[in-house]
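This report walks through selected local features of one model. Keep the sequence and the structure open while reading.

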Amino acid sequence: MTTFSIAQSLDQALQALADGARPVAGGTDLVVGSRQGKAPLPDTVIAIDRLDELAGISLSDDQLRIGAMVTHAQLMVDPIIAEHFSAIADAAALVGSPSTRNVGTLGGNVMNGSPAMDTGAPLIVLGATAELQTTSGNRQVTMEELWVSPGKTSANADELCVALNMPARPANSGSAYVRLEYRRAMEIAVVGAAASVTLDDGGMVTDARVALTAVAATILAVDLGDALAGKPIDEASLAAVAKIASETATPISDLRATDRYRRHTVGVMARRAVEAAGRRAGGETIAIPVNRTLGIGASQ
Amino acid sequence: MSQKTGTSLGRVEDAAFLTGRARYIDDVRHPLLDGAAFVVFVRSTMAHARLVSVDASEAKNAPGVLDVVVGADHVVHPAGPTYGIPVGHVFTQPVLAETKVRYVGEPIAVVVAGTHQQAVDAAELVIVDLEPLVPVMDFDRALSDDVLLFEPGDAPQFQPSAGDHSTDGAENGNIAFETSLTAGDLNPDATVVVSERVWNPRQAPAPMEPRGIATAWDDAGDLHVWAATQRPHGFRAQLAEFYELPETNIHVIAPEVGGAFGGKVSRSVEEHILPALAQRVGRPIRWTDTRSEFLASGTQGRAERYDMTLHGTPDGMIRGIGVNLVKDLGAYPGVGTYLANGYTIPMACGTYDIGWVDFSVTCIVTNRITVGAFRGAGRAPYLAALERIIDIYANDIGMDPSDVRRRNLIQPDTMPVTTIAGATYDEADYPADLERVLAEAGYNDLRAEQVERRASGAAKQIGIGMASYCHKTAGGGGEEAHVRVNPDATAVVTTGTTSQGHSHATAWAQIASDVLGIDPANISVVEGNTDAIASGIGAVGSRSLQTAGLAIHNASTTIAENAKQLAAQLLEANASDVVLDTDTGSFHVVGTPAISVGWVDVAAEMTASPADTEGDELSCGEYYNNEGRDTYPSGAAVAVVEVDIETGHVRLTRFVSVDDAGIRVNPMIVDGQLHGGIANGLAQVFGEEVIYDDDGNLLTSNFMDYAIASIDWFPQFELHHAATASSHNALGFKAVGESGVMAATPAMHNAVVDALSHLGVRHIELPCTPERVWQSIAATVRTR
Amino acid sequence: MHHMNLDVNGMSYPITADASRNLLSVLRNEVGLTGTKEGCDDCECGACMVLLDGQPVNSCSYLAAQAEGRAVTTIEGLADGDDLHPLQAKMLELGGVQCGFCTPGMIMSAKALLDRNPEPSEEEIRIGLSGNLCRCTGYAKILAAVGEAAVEIR
Ligand SMILES: Cc1cc2nc3c(=O)[nH]c(=O)nc-3n(C[C@H](O)[C@H](O)[C@H](O)COP(=O)(O)OP(=O)(O)OC[C@H]3O[C@@H](n4cnc5c(N)ncnc54)[C@H](O)[C@@H]3O)c2cc1C
Ligand code: FES
Ligand code: FES
């Protein structure tokens, strides 16, 4: 028998967690999982989706704050996200279907900790941290610290993720997220890649990051070495990115794809992500999600 | 005003569907079902195992549990010979496993409880001891008989009268059924011999509504069953046999049924046992399976392996076809067993004039779910293999695939024609359909674009594929229809057919309306109720229109003739001078339309003078059987795909078809049926496949993993129609329910391979998942 | 047992049910509205689609208790008496229904789409309906019906 309540305040939610309750946001992982028999619903559940403290997107001079209860549907159309943090919007627009995006939240995606989650690679390349709060305090953890293994985070059970924070973007920056999928909706990424790129006035890369989806136990940050730094984005540097990404990946074989195929295609996705991020950094507008605009990953 | 055949009338049955008022099995509320108990099946977790013991004692004492039944309880006779499936009795599935289990998901025990949750909880307390046997998953392993699924003594207990058949068929090992046909002569000029193995993987019918049954016994001892079924009468006949009841004491109702596609033929053990359980616990019972339960225990389709050999001349004349088909029947031979003789071998020639066929079929058992029917059963897989080998042949002799087809298609002036495989095709123009579809697709321009893309070395290459088809329909015997015109000039059509989205309520009304001149909105159709009409086969294998449609027409015609007699009395004229104006539904004397009487007048006249008549002139029952004059809807299609060479991802960019469904009663409905069939064919090419691991575990047990097509897989379909009247029935009807799938699979499949043929790719197995496509490219790169 | 007040199609329903119950099962069994369907158990088919404050939600995978205080709209709440909503009327006219099992969910997704985007492109309609599976129609006529309904509503 499950006990359920709707949190009326952040304090109430934090206290409930301290007392052993599990938060439910959109429920698209938690409730779906219980229905599939993956894990029964927790004994005590508290809905946190109506808390104002966890809502909203705000950009200050040096930081972007996305409330944990911001939904994928909000992320994909938010002008700040779409323009400056495009990779997050690219990813949010691919999640599930309109209904999944309507109730599914960024906080839920992050705290669920799936290695195939779509917003994960964008959050890493954009340098995000998760803000975790308890009745007694508040801490920031990087995404790499947060995700431990499939479905497991380093957050304590009484910690509520209240927001995702990340530095504001320098000028001439762009980011993108692409994923390989067998169909466009209601799909888990076969593999995916996010890239963020900053260019100098001459079009040379001053900063670049790549992270990969569904090729390791957690979302994987790629060490690009000097593959891009100080170089233009061209055939040679893109080929180097693809190679490094493929080599970094440690994928498994499952029903959807073999490790060999994942290793190959994650390189292709990384290259395409960098290419799109570079174009955006150069001032080009590529509509969200790039997957569709550029016909990158899906069947139609 | 009446709506004639050929009008795209909006469906008369739709309002209920659109407003949520339609009642499907789970929505049925009936006093007899009040207080229904729920059941949960305890299923095998192993693909092949000896059943050592089942201990239900703890489960029986669990809260809310009314009963727990195991195989040894023998609560109802198993199917056995009743199904008429041409295999030995040893292959019969016990109602609940007795000595062995043979697929993951096979029912071992069943728990009946007051609530669904109580049944779920109690089912977990049933202790099943299984001793694993080697699972037989591989076709060649099955054929080798190194491990046998059925051994003497394995058979379940049979009806007492049937004697001991428990070992019948065991001598055949894992081969449940074999058949073959060799006919004609092979022209010695066939110096080119092309061979390929072409798989047609397992699919699940996967209608959007899972299976479901509600059942109750009334105080008089009659059995009432509501079932999501394609075959209410057939189901009733089975229940009559197993429960040893006269059919008249069994009442089967199919409420609205949310799709079937071969997946709801009501031959499963789950369905058979429920009335016995209701009887034991003295309460009605409801069972609806979940999606994952349905995917893991309902029947599947396809599962065929074709070794194709084409014998032809160097200049593109096909002289002979050799086929070695191995069909996986799953663990317990079912409907799939009929298909070879009934549907596959008769299609050996496809739409081509072929002089020699050598066709052998071996049906094996493996440790998977039973193979039943799925849209296009028995024909679509073979036609896909045939169209594939033709493309390979064209490639090998360096000829355009359209030219090879042109040279070999059956010519219209020879039709009706009986092929060397013994099928008599009715009228159609296969060459014209092919030319038209090529022209509509802009075939030559597409080829030019392909040449350009290849030259550019672009990451996205295009492929163009085509297929020609015809397929046998109208099997299974005749259908009965009853038509009645009421005193208020409304009419009722009752048939033994059933609709699971087939739009019968509208199409049947249009056919009757054509004859009676009564508006289809005023004609109601009664189906899916064994009390309403004595017989019925149901919706299987594209047959309702050419059987029930004719019966409705004939019954309506009799009524119209009777009505003219009555009208003649009113008009004080000779009946032979009275005509029925079907636009207005009124009767008048030839040449004097100003003076007329309507159906209301005629009906009044009938009741006024019952003495003159034998019964009710405005009511008529007819049975129509085509006496083997089957119809063969046909057509041709072109598919265009774009392949991402770097990832193997394939996108269907165009699908153009010309289909000849014969005379179309309602073109809108015809298009809808074609669309659905094309979507099924498409899904098989691009993703849909039932997958088991080597241990026999089903890996595709939900819609995430079993990917049926969603709305974003398609371009707009470009449909064109030929409508050649068939001479095989008086109304020129053919069929359409399964046609869409016939050309879709091979045209798209050929297109994928065509996109890569310049790289040396010769064949890719279905489904052409990105990974498979990529691997086939990678393989040619390695060998180059 | 959990007490909740559900607002469904403008009516208030006081309901007592286990807090783990999903909205679909409460709508069908407690509220008694069976138009919303269940087609899967992994939130993939969309047959269960309802609107929550006007936005689409898979009711099979949403806790009923969490819907308290929000407006739930089901297929039964769409037509105005005997007058079909334009989406329903166009589905009928253009042949978007076959077995009808996906239809309620499909229409609810389409309704949500048109409410937020009255002039959707074909691509946007596809995205809007991408969470609804249909095994019968191949979607072509549904796509057309939603497109035409959008024009009619404007
Ligand atoms: C059909 C379908 C398709 C999907 N497709 C995708 C996809 O394409 N890509 C993808 O990445 N995901 C996908 N998902 C998964 C899911 O929708 C996302 O992960 C979503 O973002 C989860 O958010 P939620 O609010 O629904 O989380 P919930 O289910 O409410 O919560 C998820 C987990 O996080 C915990 N939690 C939630 N919020 C917090 C918080 N603020 N602090 C601490 N813990 C918290 C919960 O206790 C629970 O354990 C899909 C799911 C479905 C059902
Ligand atoms: S029932 Fe399938 S998504 Fe809800
Ligand atoms: S109409 Fe049957 S599932 Fe859509």
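Is B:Ile392 buried or exposed? The model is predicted, and in it B:Ile392 comes out as buried, because its relative accessibility is 2% and the cut-off for buried is under 20%. B:Ile392 belongs to helix H9 of chain B. Setting aside neighbours within four places in sequence, B:Ile392 is in contact with B:Val194, B:Glu196, B:Arg762 and B:His763. B:Gly312 is 80 residues from B:Ile392 in sequence, and the two C-alpha atoms are 12 Å apart in space.

**Around B:Gly316**

B:Gly316 lies in the loop between S13 and strand S14 (318-328) of chain B. Its relative accessibility is 0%, so B:Gly316 counts as buried. Which residues does B:Gly316 touch, not counting those up to four places away in sequence? They are B:Tyr393, B:Ile397, B:Met399, B:Val404, B:Arg407 and B:Asn408. B:Ala190 is 126 residues away along the chain, yet its C-alpha atom is separated from that of B:Gly316 by 9.5 Å.

**Aromatic pairs and a charge over a ring**

Over all chains, the count of aromatic pairs comes to 17. One of them joins B:Tyr306 and B:Tyr382: the ring centres are 5.9 Å apart and the planes stand at 50 degrees, so this pair is tilted. Why tilted?

B:Phe714 and C:Tyr139 form another tilted aromatic pair, with 5.7 Å from centre to centre and 45 degrees between the planes. This pair crosses between chains. B:Phe714 is in the loop between helix H16 (667-686) and strand S28 (717-722) of chain B. C:Tyr139 is in the loop between helix H4 (122-128) and helix H5 (140-153) of chain C. B:Phe714 counts as buried because its relative accessibility is 4%. C:Tyr139 counts as buried too, at 2%.

Ring pairs also link B:Phe91, B:Tyr103, B:Phe150 and B:Tyr332 into a cluster. Elsewhere, a charge meets a ring: the charged end of B:Lys472 sits over the ring of B:Tyr343, 5.6 Å from the ring centre.

**A helix pair in chain B**

Two packed helices are described by the angle between their axes and the distance between the axes. What are these values for helix H13 (residues 504-516) of chain B and helix H14 (residues 544-571) of chain B? The angle is about 35 degrees and the axes are 8 Å apart. The crossing of H13(B) and H14(B) is right-handed. On the H13(B) side, the contact residues include B:Trp508, B:Ile511 and B:Val515. On the H14(B) side, they include B:Leu545, B:Ala548, B:Gly549 and B:Ile552. By class, the contact has 10 nonpolar and 6 polar residues, and no charged ones.

**Backbone exceptions**

Most residues other than glycine have a negative phi, and most peptide bonds are trans. The table lists sites that depart from this pattern.

| Site | Feature | Value |
|---|---|---|
| B:Met415 to B:Pro416 | cis peptide bond | omega about 0 degrees |
| B:Leu766 to B:Pro767 | cis peptide bond | omega near -15 degrees |
| A:Ala214 | positive phi | phi near 65 degrees |
| C:Cys43 | positive phi | phi about 60 degrees |

Where do these sites fall? B:Pro416 is in the loop between helix H10 (401-408) and strand S16 (417-418) of chain B. B:Pro767 is in the loop between helix H17 (739-756) and helix H18 (770-783) of chain B. A:Ala214 has its place in the loop between strand S13 (205-213) and strand S14 (220-222) of chain A. With a relative accessible area of 14%, A:Ala214 is buried. C:Cys43 is found in the loop between helix H1 (23-31) and strand S3 (49-52) of chain C. C:Cys43 counts as buried because its relative accessibility is 13%.

Terms used: Residues are numbered from 1 along each chain as its sequence is written. Chains are lettered from A and ligands numbered from 1 in the order in which they are written. This is a predicted model: local features need pLDDT of at least 70, side-chain atom pairs count only at pLDDT 80 or more; totals for chains, interfaces and linings use all residues. Side-chain values use heavy atoms; hydrogens and water are left out. Rings of Phe, Tyr and Trp (its six-membered ring) pair if their centres lie within 6.5 Å; planes under 30 degrees apart count as stacked, over 60 as edge-to-face and the rest as tilted. Helices (H or I, at least four residues) and strands (E, at least two) are DSSP runs, numbered from the N terminus. Buried means under 20% relative accessible area, exposed over 50%, partly exposed in between (1.4 Å probe, protein chains only). A charge sits over a ring if NZ of Lys or CZ of Arg is within 6 Å of the ring centre and within 35 degrees of the ring normal. Axes are lines fitted to C-alpha atoms, for helices over the stretch in contact, and angles run from 0 to 180 degrees between N-to-C directions. A crossing is left-handed if the near helix is turned anticlockwise from the far one by less than a right angle, and right-handed if clockwise. Contact means heavy atoms within 4.5 Å. Ala, Val, Leu, Ile, Met, Phe, Trp, Tyr, Cys and Pro count as nonpolar, Asp, Glu, Lys and Arg as charged, and the others, Gly among them, as polar.
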